[in-house]
Amino acid sequence: MERNNYFGRVTNRWHTTGSAKLFFFSVFLLAITIFICFRVTANGMVDGYISSAYHSTNGGTIRPAFKSDHAWDTKVTQSCTPERENGLVVLVTGAAGFVGSHISLALKKRGDGLVGLDNFNDYYEVSLKRARQELLLKQGIFVIEDDINDAALLKHLFDMIQFTHVMHLAAQAGVRYAMQNPMSYIHSNIAGLVTLFEACKSANPQPAVVWASSSSVYGLNSKVPFSESDRTDQPASLYAATKKAGEELAHTYNHIYGLSITGLRFFTVYGPWGRPDMAYFSFTRDILKGKPINIYKGQNDRDLARDFTFIDDIVKGCVASLDTSGRSTGSGGKKRGAATFRTFNLGNTSPVTVPVLVEILEKHLKVEAKKEFIKMPRNGDVPFTHANVSLAQTQLGYKPTTNLEIGLKKFVNWYVKYYGVQTTKTRRL
Ligand SMILES: O=C(O)[C@H]1O[C@H](OP(=O)(O)OP(=O)(O)OC[C@H]2O[C@@H](n3ccc(=O)[nH]c3=O)[C@H](O)[C@@H]2O)[C@H](O)[C@@H](O)[C@H]1O
């Protein structure tokens, strides 16, 4: 009885104040709507060319989505027009990145049409990405500034241009950074990859896709050299796990939709215009500044080793992959028959230890490094990598020709020029 009275009192009060509550509720809803609209407008995303994934999973800087107009469409179309008969028409993602910029220049040089796409995130110095963009622009290559998670942009691009190929290099790179910002790897290497595959599978005609996987998928594999058929189910880092997941996703899109897909497992790529987060680059910077460098040691005090691969060799492998990829077989999102699905190692086949890498740098820089040997932190690094490239050799004609000594010389020459380093002022060995 008491209970019934209580509920009765509450119900009465609700009725008497009902219209006031309705009013406040409406004002509240209106305020939220205005707030959301403001956020969207502030980010320059009023055109609707933006996917929700772009917001929800991005661990880094959120950049404005593109705004298409006639001038923009003309730039894209011009950039994509081949200058040779039967030239490829390629979308290069990550075009302002290290590997992406080199491949873009190589394709342009032989007369292919291409447009770049890059989100210019601040994982490492954005000015270097801008300088690469400038280099590309001088050769007539337009780089769109946007994220691969922007499904509306991709749809617009594929509706406008009949791409024969996609060279997909946009990714969150770096093995150790995954411990600081795991979501940026999910954003780019998983969500971004799926957004791109979705656009490719729906495109008419479907392009063939060549994309960058990583030597890190071999993880704790101890069989050397690493062959494509070796185990890849023991990733040592979140980065490696996202690349491995990418390989599985690629298989699905090939199987269901007939997308021609080639995955390339790159082995520690280095060279001019490289990535400042990588050891050879950051060591160079610190050696020249007289700052100490940390050289990691593995179990039982063993040196770590990498199959360092020079950028020009990687570019040749990528271009050969594009040329041999075979057509996708789907149309309107439906598969018509089996399509190419390949995985290749692109390495140098001769691992070098990290202390030897430092010795070569000291020689080229003519400066002695302040070396500090420390136990490898538990950060996802693997003790060594070593590529077996016989499959790429047979099917792509891939044959690495630059050893670390020569490749680092080319890198140091570029570094000194790009950063205007006064080598004469540095201490000589
Ligand atoms: O092939 C790949 O799939 C990956 O290659 C690259 O990763 P890694 O092979 O780890 O290259 P990198 O960082 O240059 O470290 C080289 C060596 O120096 C050691 N290292 C590193 C830093 C340091 O301070 N000290 C040190 O000893 C370190 O322990 C290691 O032994 C790409 O970054 C990655 O994006 C991915 O593409």
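**View 1. Overall fold of the predicted model.** Of the contacts in the protein with a separation of 6 or more, 82% are accounted for by residues 24 or more positions apart, two residues being in contact if their C-beta atoms, placed from the backbone, lie within 7 Å. The model is predicted, so that local features need pLDDT of at least 70 and side-chain atom pairs count only at pLDDT 80 or more, while totals for chains, interfaces and linings use all residues. Residues are numbered from 1 along each chain as its sequence is written. The protein has 14 helices and 15 strands, taken as DSSP runs numbered from the N terminus (helices H or I, at least four residues; strands E, at least two). Of its 429 residues, 45% count as buried; a residue is buried if 20 or more other C-beta atoms lie within 10 Å of its own, exposed if 12 or fewer, and partly exposed in between, with C-beta atoms placed from the backbone.

**View 2. The shell around the ligand.** The ligand is surrounded by 19 residues, of which A173, S214, M278, A279 and Y296 are the closest; a residue is counted here if its C-beta atom, placed from the backbone, lies within 6 Å of the molecule. The elements giving two or more residues to this shell are α10 (279-289) and β8 (292-297), and β8 gives the most, with three residues. By class, the shell comprises 11 nonpolar, six polar and two charged residues, where Ala, Val, Leu, Ile, Met, Phe, Trp, Tyr, Cys and Pro count as nonpolar, Asp, Glu, Lys and Arg as charged, and the others, Gly among them, as polar.

**View 3. Helices α5 and α6.** The axes of α5 (residues 98-109) and α6 (residues 126-138) come within 10 Å and cross at roughly 5°, the axes being lines fitted to C-alpha atoms over the stretch in contact, with angles from 0 to 180 degrees between N-to-C directions. That makes α5 roughly parallel to α6, a term for angles under 35 degrees. S101, S104 and L105 of α5 make the contact with R132, L135 and L136 of α6, and these comprise three nonpolar, two polar and one charged residues.

**View 4. Surroundings of L169.** L169 is found in the loop between β4 (165-168) and α8 (182-202), and L169 counts as buried because 27 C-beta neighbours lie inside 10 Å. Leaving aside neighbours within four places in sequence, L169 is in contact with V92, T93, G94, G97, V99, G100 and A212.

**View 5. Surroundings of M376.** M376 lies in the loop between β15 (370-375) and α13 (390-396) and counts as partly exposed, with 17 C-beta neighbours inside 10 Å. Although M376 and I295 are 81 residues apart in sequence, their C-alpha atoms are 8.2 Å apart in space. Beyond neighbours within four places in sequence, the contacts of M376 are Y296, K297, G298, L304 and D381.

**View 6. Backbone details in loops.** The peptide bond from N204 to P205 is cis, with omega near 5°, and P205 is found in the loop between α8 and β5 (208-214). A cis peptide bond also joins V224 and P225, with omega about -10°; P225 is found in the loop between β5 and α9 (238-257). D301, in the loop between β8 and β9 (305-306), has a positive phi near 65° although it is a residue other than glycine, and D301 is exposed, with 8 other C-beta atoms within 10 Å.

Terms used
Parallel < 35°, antiparallel > 145°, perpendicular 65-115°, else oblique.
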